[in-house]
Amino acid sequence: MKEEMNIMNMIVVNSYNEWDPLEEVIVGSVLGAGKMAFEPALSPFYPLNSEERSFHGAKVAEKEVMEAQEQLDNFAKVLENEGVIVRRPEVCDFCQPVKTPSFEVPFQNSSACPRDVLLVLGDEIIEAPMAQRARYFEYRAYRPLIKEYFRRGAKWTMAPKPTMSDELYTPNYSTENVYFDPVTHNSLTQFEPCFDAATFVRCGKDIFYQPDAVTNEFGAEWLQRHVGDRYRIHKMRFKDSHPEHLDTTLVPIRPGLVLTNPERPCLDGSIQLFKDNNWEVVDAPASIRSPLGYSPEVSNWISMNILLLDVDKVIVEEKEEEVIRFFEKYDYKVITCPFDKVYKFGGGFHCCSSDIRRRGKLESYFPTLD
């Protein structure tokens with residue numbers, strides 16, 4: 001046992017699921033944040049002739065930045081108080097324009113959500129081939145950390161960087177006037193592989209995703225070929241006219257227990273895999289924000305975007321009383337934290353962090369597939 005712990009202490013990057021004991025994490029930052037202009041990847045979120053489609057981007061107000069950064073810093077402190085090593089991205093100016101041979105944008109985004117950019121599978125960090133033009137260079141904020149992890153022994157992969165040319169996007173896409181296929185989301189074409197890391201939910205050997213506004217099947221195919229037989233990539237489909245990421249729809253909270261979104265039922269029967277392997281599938285409790293309706297900046301089910309520190313310890317937004325009671329019912333130690341000022345930057349606790357090291361090993365939690 002002592003020798004095994006010494007080996008684990010030498011591992012720099014190690015994360016296979018969402019619930020093993022968390023030892024090191026990257027927490028995002030909103031310093032230097034911009035508000036992205038309308039671009040083709042945002043088409044699913046705005047009606048075809050809406051004023052938002054003519055928005056040209058802006059610098060985020062300093063007051064909003066500092067309020068959100070204060071909550072992110074507090075989140076980092078809470079994690080440190082729980083014994084977790086916290087790393088932060090480099091501060092970048094996201095209010096600078098970007099121009100490539102295929103596109104140009106007047107403003108970028110922020111480094112609030114490392115979960116979107118970095119997919120950690122075991123001892124490997126994969127930089128995601130994201131589909132939003134304003135996020136093309138977002139990886140730069142994490143490069144100093146990634147180079148450090150690489151030098152210390154981690155694997156580092158940059159997925160094929162998409163050109164993000166017009167061919168990647170369905171012209172004039174809108175959920176209002178384009179037939180919505182309940183099996184394949186079609187705002188992105190299959191021109192080149194794209195995905196956000198947060199589209200994928202990790203359960204050891206099995207990784208789940210659904211095609212969405214930032215992830216196409218080409219991207220999932222690239223990932224499956226890259227990881228080979230070590231992992232199994234499963235496509236799922238939920239009722240959601242503008243899906244983006246899976247961590248407010250399907251949230252495994254420990255082996256044998258998974259939260260689902262009651263407003264987004266599974267359409268293709270793929271949730272049966274969990275039931276066939278004796279997982280309890282439970283509807284998430286309603287968020288205090290659920291009645292507010294859909295927001296293009298963040299899901300109204302952001303309450304599901306929690307961060308697990310262990311199989312019995314979780315961080316939940318301080319105002320989400322129903323969510324807090326739910327986890328207490330399942331014998332979790334609940335740590336509350338204010339985070340409402342961060343939401344407008346695109347994410348909750350899960351999105352605004354990226355696991356670097358959890359104490360655990362690769363396992364299969366779906367024996368029917370073995």
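The legends below describe close-up views of a predicted model.

**View 1. An aromatic pair joins Phe103 and Tyr136.** Phe103 lies in the loop between β5 (98-99) and β6 (104-105). Tyr136 belongs to the loop between β8 (124-127) and α4 (143-151). The pair therefore links distant parts of the chain, 33 residues apart. Phe103 counts as buried because its relative accessibility is 5%, and buried means under 20%. Tyr136 counts as buried too, at 15% relative accessibility.

**View 2. A charged side chain sits over the ring of Tyr136.** The side chain is that of Lys161. Its charged end is 4.6 Å from the centre of the ring.

**View 3. Phe327 and Tyr332 form an aromatic pair.** This pair is edge-to-face. The ring centres are 5.1 Å apart, and the planes make an angle of 85°. Both residues are buried.

**View 4. Six aromatic residues form one cluster.** The members are Trp19, Phe208, Phe274, Trp279, Tyr365 and Phe366. Two of these residues, Phe274 and Trp279, are also included in a nonpolar core of 34 residues. Val251 and Trp301 are among the residues of that core as well.

**View 5. The largest nonpolar core has 35 residues.** Tyr149 and Leu223 have the most contacts inside this core. Several elements give two or more residues to the core: β7 (118-121), β8, α4, β11 (206-209) and α5 (217-227).

**View 6. Leu223 is shown with the residues around it.** Leaving aside residues up to four places away in sequence, Leu223 touches Leu119, Leu121, Ile126, Phe195, Phe200 and Ile233.

**View 7. Three strands form an open sheet.** The strand order is β4-β1-β19, and the pairing is mixed. β4 (85-87) and β19 (353-358) are the edge strands, each pairing on one side only. On average, neighbouring strands are turned by 25° against each other, direction ignored. Strands of a sheet pair through backbone hydrogen bonds, either parallel or antiparallel.

**View 8. Strand β1 runs parallel to β4.** β1 covers residues 22-27, and three bridges join it to β4. Glu24 stands opposite Ile85 in β4.

**View 9. Helix α2 lies across the sheet strands β1, β4 and β19.** The helix spans residues 62-81. Its direction is at about 170° to that of β1.

**View 10. Arg115 is a buried residue in helix α3.** The helix consists of residues 114-117. Arg115 counts as buried because its relative accessibility is 7%. Not counting residues up to four places away in sequence, Arg115 touches Glu18, Ala197, Ala198, Arg202, Leu307, His350, Cys351, Ser353, Ser354 and Asp355. Among these contacts, Ser353, Ser354 and Asp355 fall within the range of edge strand β19 (353-358).

**View 11. Tyr173 lies in a loop and is buried.** The loop runs between β9 (155-158) and β10 (201-203). Tyr173 counts as buried because its relative accessible area is 0%. Tyr173 and His234 are 61 residues apart along the chain, and their C-alpha atoms are separated by 26 Å.

Technical notes:
Residues are numbered from 1 along each chain as its sequence is written. This is a predicted model: local features need pLDDT of at least 70, side-chain atom pairs count only at pLDDT 80 or more; totals for chains, interfaces and linings use all residues. Side-chain values use heavy atoms; hydrogens and water are left out. Rings of Phe, Tyr and Trp (its six-membered ring) pair if their centres lie within 6.5 Å; planes under 30 degrees apart count as stacked, over 60 as edge-to-face and the rest as tilted. Helices (H or I, at least four residues) and strands (E, at least two) are DSSP runs, numbered from the N terminus. Buried means under 20% relative accessible area, exposed over 50%, partly exposed in between (1.4 Å probe, protein chains only). A charge sits over a ring if NZ of Lys or CZ of Arg is within 6 Å of the ring centre and within 35 degrees of the ring normal. A nonpolar core is a set of buried Ala, Val, Leu, Ile, Met, Phe, Trp, Tyr and Cys residues joined through side-chain atoms within 4.5 Å. Contact means heavy atoms within 4.5 Å. Two strands pair if DSSP finds at least two bridges between them. Axes are lines fitted to C-alpha atoms, for helices over the stretch in contact, and angles run from 0 to 180 degrees between N-to-C directions.
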